[in-house]
Structures are given as structure tokens and as C-alpha cells.
Amino acid sequence: GDSKAKELSIGVAEKPTSSQLDPVGITSPATNATLHIIFSTDCGSFQHWQSYLFFHAALKVQQPGYVTRIASGCTDEGLKEEREWH
């Protein structure tokens with residue numbers, strides 16, 4: 001009797017808090033699922049500034065999770081410039 005109640009209280013006490021499970025806010029507050037937004041662009045200047053605005057908007061609204069840009073069709077020089085920018 002008493003040992004079972006003690007085990008339950010230990011289990012509850014050891015259960016991690018939501019801040020321990022998600023210390024950097026990468027999960028959805030509604031579903032607790034990990035969020036990862038992925039979008040693709042080319043290496044042109046038009047899509048470069050659009051991705052800049054997208055990243056800015058995600059930061060401004062404190063979007064939880066990860067945001068990944070996949071840029072394709074880059075020259076070696078374009079790839080170097082994109083990596084330096086990000």
C-alpha cells in the first residue's frame with residue numbers, strides 16, 4: 001500500500017516540466033510537436049531578399065522551432081555568399 005503510493009509520488013516529482021522538455025521553445029504550444037519550417041528558393045537576388053523577410057518575420061513573431069532555407073542552382077560564389085549571409 002504505502003510503497004505504491006510512494007512510487008507514484010516519485011514518478012510525478014521526477015516528471016520533467018515543459019521548460020525542461022523544450023528549453024529553447026522549439027515545440028508547438030498547442031500540440032507539443034517539434035516544428036520545422038522548410039522552404040526552397042533559387043540563388044537569385046529576388047528570392048534572397050524574400051527569404052530575408054521570411055526569417056525576419058519568424059523572428060519578430062517568435063516562431064517556435066527551426067526554419068531552414070534550401071537554395072538550389074547556386075554557383076560556387078553564390079553558395080559562398082549565401083553561407084556568409086546566413
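Is Arg-69 buried or exposed? In this predicted model, Arg-69 is buried, because its relative accessible area is 13% and a residue counts as buried when that value is under 20%.

**Arg-69 and its contacts**

Arg-69 belongs to strand E2, which covers residues 66-72. Its side chain meets that of Thr-41 in a polar contact of 2.8 Å, and a polar atom of the Arg-69 side chain also lies 3.2 Å from the backbone oxygen of Asp-42.

**The disulfide**

The structure holds one disulfide, and the two residues that it joins are Cys-43 and Cys-74, with an S to S distance of 1.6 Å. In general, such a link is a covalent bond between the sulfur atoms of two cysteines. The link of Cys-43 and Cys-74 is right-handed, with 40° about the S-S bond. This pair links distant parts of the chain, 31 residues apart: Cys-43 sits in the loop between strand E1 (36-42) and helix H3 (45-60), whereas Cys-74 sits in the loop between E2 and helix H4 (76-85). Cys-43 is partly exposed, with a relative accessible area of 23%, and Cys-74 is likewise partly exposed, at 25%.

The accessibility values of the residues discussed individually here are set out below.

| Residue | Relative accessible area | Class |
|---|---|---|
| Arg-69 | 13% | buried |
| Phe-55 | 18% | buried |
| Cys-43 | 23% | partly exposed |
| Cys-74 | 25% | partly exposed |

**Helix H3**

How does the span of H3 agree with its number of residues? The helix has 16 residues, which at 1.5 Å a residue should span 22 Å, and because its end C-alpha atoms are 22 Å apart, the two values agree. Within H3, the residues Ser-51, Phe-55 and Ala-58 are buried. Seen down the axis of the helix, these buried residues fall within an arc of 60°, so they line one face of H3. The face turned away from that buried side carries the exposed residues Ser-45 and Lys-60.

What do the buried residues of H3 pack against? They pack against E1, E2 and H4. Phe-55, which has its place in H3, is buried with a relative accessible area of 18%. Between Phe-55 and Val-67 there are twelve residues of separation in sequence, while their C-alpha atoms are 7.6 Å apart in space. Just after the helix, Gln-62 takes a positive phi of about 55°.

Note on methods. Residues numbered from 1 in each chain as written. Predicted model: local features only at pLDDT ≥ 70, side-chain atom pairs only at ≥ 80, totals over all residues. Heavy atoms only, no water. Helix = DSSP H or I, 4+ residues; strand = E, 2+ residues; numbered from the N terminus. Buried < 20%, exposed > 50% of the residue type's maximum accessible area, 1.4 Å probe, protein only. Polar contact = N/O pair within 3.5 Å; in protein donor to acceptor, adjacent residues only side chain to side chain. Disulfide = S-S within 2.5 Å. Expected span 1.5 Å × (residues − 1). Arc of directions from axis to C-beta. Contact = heavy atoms within 4.5 Å.
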